[in-house]
Amino acid sequence: MADLSINLAGIKSPNPFWVASAPPSNTAYQCHRAFEAGWGGVVWKTIGEPIVNVSSRYSSLDLNGSRMVGLNNIELITDRAPETNFREIRECKDRWPDHAIIASLMTDTRENWHDYMKASADAGADGVELNFGCPHGMCERGMGSAVGQNPDVIETIVGWVMEVAEIPVIVKLTPNITSINHAARAASRAGANAISLINTINSITQVDLDRMCPEPYVAGQSTHGGYCGPAVKPIALNMVQECAADPEVLIPISGIGGISNWKDAAEFIALGSTSVQVCTAIMHYGFRIVEDMIEGLNDYLDGAGMKSVNELIGRAVQSVQRWETLDLNYKRIASIDYDTCIGCNLCYIACEDGAHQAIALVDPEAKGVGLGPGRLPGKPVPEIKEKECVGCNLCALVCPVDACITMIDVDNGKDRMSWSDYQAKVASGEMKPIPAHP
Amino acid sequence: MPITSLLDPDTAARNMAEIEPQYSPQEALVEAHRCLFCFDAPCIKACPTGIDIPGFIKKIASHNLTGSARTILSSNILGGSCARVCPTSVLCEGACVMLDRDEKPIKIGRLQRYATDHVFDNDLQVLHPPEQKSGKRVALIGGGPASLGCAAELALLGHDAVIFERKPEAGGLNTYGIAYYKLTPEMSLKEVELVKRLGVEIRTGVDVGTDITVAELEKEFDAIFLGVGLGHTYRLDIPGEDLPEVFEALAFIEDLHVNPLHEVAVGKRVAVIGCGNTAIDAVTQAKRLGAEHSVIIYRRGERDMPAYLYEYGLAKRDGAEFIFNAVPVEVLEKDGHVCGLKLARTKVDDNGKLQVIAGSEFELPFDMVIKALGQEKMTDMLKSIVPDVNLTRNGCIERDAATGQTNVPHIFAGGDGANGGSEVVNAVGEGKKAARGIHRLFTNEAIEGPIQWTRMGVVGDKPVGSGLDHPIRVDEHETAFI
């Protein structure tokens with residue numbers, strides 16, 4: 001059994017799985033249920049001056065029969081009084097002393113930040129998370145993403161908070177910004193102990209074409225919401241890696257964004273997260289999903305020979321490099337296994353209409369593969385035109401059969417040459433420019 | 001003893017309810033999303049009307065039900081009934097690539113029904129004939145699926161089509177001769193109405209040859225389509241065959257399509273002679289109408305029966321019984337009514353010939369006998385009404401398979417009368433091809449599509465064509481090639 005316990009900037013947790021600051025972390029009741037199920041930490045639903053919510057708060061993107069591939073919300077921070085929340089944090093901490101409870105905070109003036117920091121420490125919270133990300137409702141009042149979108153403001157407010165901080169401070173960043181690095185650097189410069197990302201992305205999930213109004217529908221209107229769930233994972237991974245690789249950030253990361261299972265979590269950790277936070281998957285299936293996350297991560301670490309989850313943190317960060325450093329002479333091409341090909345020919349049409357016209361349809365008899373699976377007489381099979389194949393991967397991506405199309409490395413005998421190398425060689429006259437594709 | 005009806009109206013209706021009801025929207029969506037949307041999908045090649053099956057399924061998935069139905073009906077005007085009666089396991093579903101991924105094939109038939117029901121349930125018209133008419137007129141003899149398929153295509157190509165049907169209603173076997181729990185006559189008549197709305201005229205109760213001659217038709221019409229189907233069931237030629245409780249299978253099925261179900265007379269012990277798909281329809285319906293025993297008697301063994309495995313399974317689930325390797329030698333009589341069958345055992349000799357075993361006779365009590373031995377060709381009728389049209393050696397109308405054209409250039413043919421007896425969907429496809437053949441005769445213009453030709457199979461630069469061009473059956477392929 002690998003050791004799953006983590007220490008994120010001084011916040012200790014029995015495992016890296018935290019409930020994100022959101023509806024599932026609204027009350028002590030939910031916090032107890034989360035820890036009973038096995039979660040390592042809970043980031044409390046953001047505490048601030050109590051707000052008033054609208055009815056009708058969520059909408060989703062469903063895709064090809066799958067529900068809630070993405071979730072959009074227009075719910076605000078907690079609608080409960082700060083005293084109630086801090087009292088409940090104390091109650092939970094007393095009962096779960098070895099688990100992490102992080103108070104998520106959102107307020108405005110320096111004094112108010114100081115008050116909330118003190119209240120958090122007094123309640124026994126293991127750390128705080130500054131909500132600089134909420135993209136709706138609060139930003140109009142100068143909070144949430146209104147802060148996170150302006151690195152100077154981030155630096156100022158984090159500075160105020162650090163003046164009085166007795167417990168670790170995590171800054172939660174918004175993805176609704178051109179460069180996440182500038183926001184992360186600002187937090188780091190101001191002395192934050194860690195960052196967490198991503199918060200939700202500005203979104204409208206769909207328009208009801210009868211009412212001519214998006215969901216969630218609120219009395220004839222709707223509003224821009226915050227988007228999360230499995231569909232945002234690639235965006236979140238990208239930003240997590242950018243921060244992890246940035247030498248001007250250099251503080252721990254709590255990864256957030258579409259994490260639904262152990263594999264998602266492991267990917268976030270490999271790209272530099274110490275802990276991971278989950279919301280949408282809990283809103284879909286409940287706290288019980290953590291059982292698979294713990295088991296799956298454990299088995300993966302055991303299988304990979306890692307004794308602790310700490311060995312996984314950041315392992316894949318350095319593999320992501322600038323495009324101009326990639327090897328232009330690396331070559332791969334597609335290869336089709338005719339024993340498992342079912343004859344859907346999706347690879348053919350994807351390549352023919354959507355990519356590089358490098359797959360032909362040929363007679364299976366002439367090809368010598370005969371009438372195998374999915375083949376009717378007169379129904380052709382796909383054949384890779386190896387000279388035309390650029391190795392783009394598209395056919396392997398659309399193929400519905402596992403391991404039917406594989407991408408094979410081709411040894412072309414050429415030395416490694418990046419775009420930068422190429423530019424230098426052309427400039428020095430060492431080689432002629434590569435002719436343009438016809 | 002004469003036979004009577006056995007069930008009250010509620011029980012009869014319950015027993016005869018459809019075996020595969022309409023999908024719920026959620027069921028349809030889940031199933032539609034399973035479809036991989038293959039490019040040159042084998043299901044298109046295995047559909048004798050060449051429906052763009054992945055196309056219509058993806059339209060269900062995108063909530064475009066009207067478009068989905070349009071895709072189906074533009075290839076197959078009887079897509080609604082074919083969805084219910086097609087032997088999908090040897091056609092589209094049998095070719096589904098999912099089978100090669102060790103998964104259940106997409107339920108194409110049920111999805112097709114879901115989409116077409118949308119059109120009928122909401123009374124939508126999705127196909128529109130052109131306003132500009134060609135002025136050419138075609139007479140279609142017989143009102144079954146072949147003529148309906150031909151007439152609909154003719155109307156969509158701008159030609160006038162008039163169907164002449166002997167019976168009170170058009171639709172042929174769809175209206176009168178398919179198991180009630182698969183396809184109701186009401187559904188068939190809705191499709192007839194759909195064809196009428198395209199501008200096709202249907203004259204029912206007209207027997208061509210008696211009420212009007214072909215020569216008279218030729219004066220009024222520019223071309224003739226023969227969609228005459230098949231005739232009576234073959235005779236047993238044994239004593240007692242003309243007793244009142246001996247029925248032809250199709251007459252029995254027709255009986256329960258034109259009368260209230262609870263008024264249809266059925267025996268308590270029913271023997272069905274033969275083991276094709278019509279025999280299965282007869283044996284299951286007799287059982288569902290209250291027969292205590294409903295028994296198939298077949299001269300060969302279980303493996304030789306022509307009924308599809310799916311149909312065999314249906315009959316077994318309904319509690320039908322099977323006596324293999326036996327032939328009737330006499331229908332037994334008491335007081336002028338059927339009281340049983342004298343049967344003899346059979347065996348296959350070394351030359352593969354069926355032989356009756358001497359001295360093996362035995363008797364079983366039955367009060368109703370249904371003959372399902374296959375239908376006779378309409379040879380005499382054809383020789384009488386169209387004496388110049390060549391017939392094949394087995395009595396079918398000789399025609400070009402691609403165009404339906406006979407040796408008489410303005411006479412075309414399709415359906416059971418031309419192919420010797422096949423599925424509804426084959427009849428519709430042949431009718432459609434004949435319509436295109438007729439159009440070519442009128443205009444010298446070849447009609448193709450509607451599917452992009454590369455989606456129907458291409459080897460090199462050569463198009464292979466859909467199931468409309470080359471009807472195939474997957475079970476036959478598996479025997480022949482695998």
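Start with chain B and colour it by domain: domain 1 covers 20-127 + 452-482, domain 2 covers 137-231 + 376-448, and domain 3 covers 246-371. Those bounds come from an automatic or database domain assignment. Between the centres of domain 1 of chain B and domain 3 of chain B there are 34 Å, taken over C-alpha atoms.

A quick word on ground rules: this is a predicted model, where local features need pLDDT of at least 70, side-chain atom pairs count only at pLDDT 80 or more, and totals for chains, interfaces and linings use all residues. Residues are numbered from 1 along each chain as its sequence is written, chains are lettered from A and ligands numbered from 1 in the order in which they are written, and side-chain values use heavy atoms, with hydrogens and water left out.

Still in chain B, select C43(B), which sits in helix α3 (residues 42-45). Helices (H or I, at least four residues) and strands (E, at least two) are DSSP runs, numbered from the N terminus. Is C43(B) buried or exposed? It counts as buried because its relative accessibility is 9%; the cut-offs are under 20% relative accessible area for buried and over 50% for exposed, with partly exposed in between (1.4 Å probe, protein chains only).

Next, pick E165(B), in strand β2 (residues 160-165) of chain B. E165(B) has 9% relative accessibility, so it counts as buried too. Now bring in D207(B): 42 residues separate it from E165(B) in sequence, but the C-alpha to C-alpha gap in space is 6.7 Å.

Over to chain A, which splits into domain 1 (6-318) and domain 2 (323-428). The centres of these two domains of chain A are 41 Å apart, taken over C-alpha atoms.

Zoom in on β16(A) (273-278), where six of its six residues are buried. Which strands pair with β16(A)? Strand β3 (residues 17-19) of chain A runs parallel to β16(A), joined by three bridges, and V19(A) stands opposite V278(A). Strand β15 (residues 253-256) of chain A also pairs with β16(A) in the parallel sense, over four bridges; here I256(A) has Q277(A) as its bridge partner. (Two strands pair if DSSP finds at least two bridges between them.) Show helix α8 (residues 262-270) of chain A as well, and you have a right-handed β-α-β unit of β15(A), α8 and β16(A). To check the hand, point the strands away from you: in a right-handed crossover, the path from the first strand over the helix to the second runs clockwise.

On a 1 Å grid over the protein atoms alone, a cavity is a set of points where a 1.4 Å probe fits but cannot get out, while a pocket is an open set with protein on both sides within 12 Å along at least five of seven lines; lining residues have an atom within 4 Å of a point. Grid points are joined across faces, edges and corners, and a volume is the space filled by probe spheres set on the points. Of the 35 residues lining the largest cavity, select S21(A), A22(A), N73(A), N199(A) and T200(A), the closest to its centre. α9(A) gives the largest share of that lining, three residues.

Last stop: the second largest pocket, with about 660 Å³ of space. Among its 18 lining residues, L328(A), N329(A), Y330(A), K331(A) and I434(A) lie nearest its centre.
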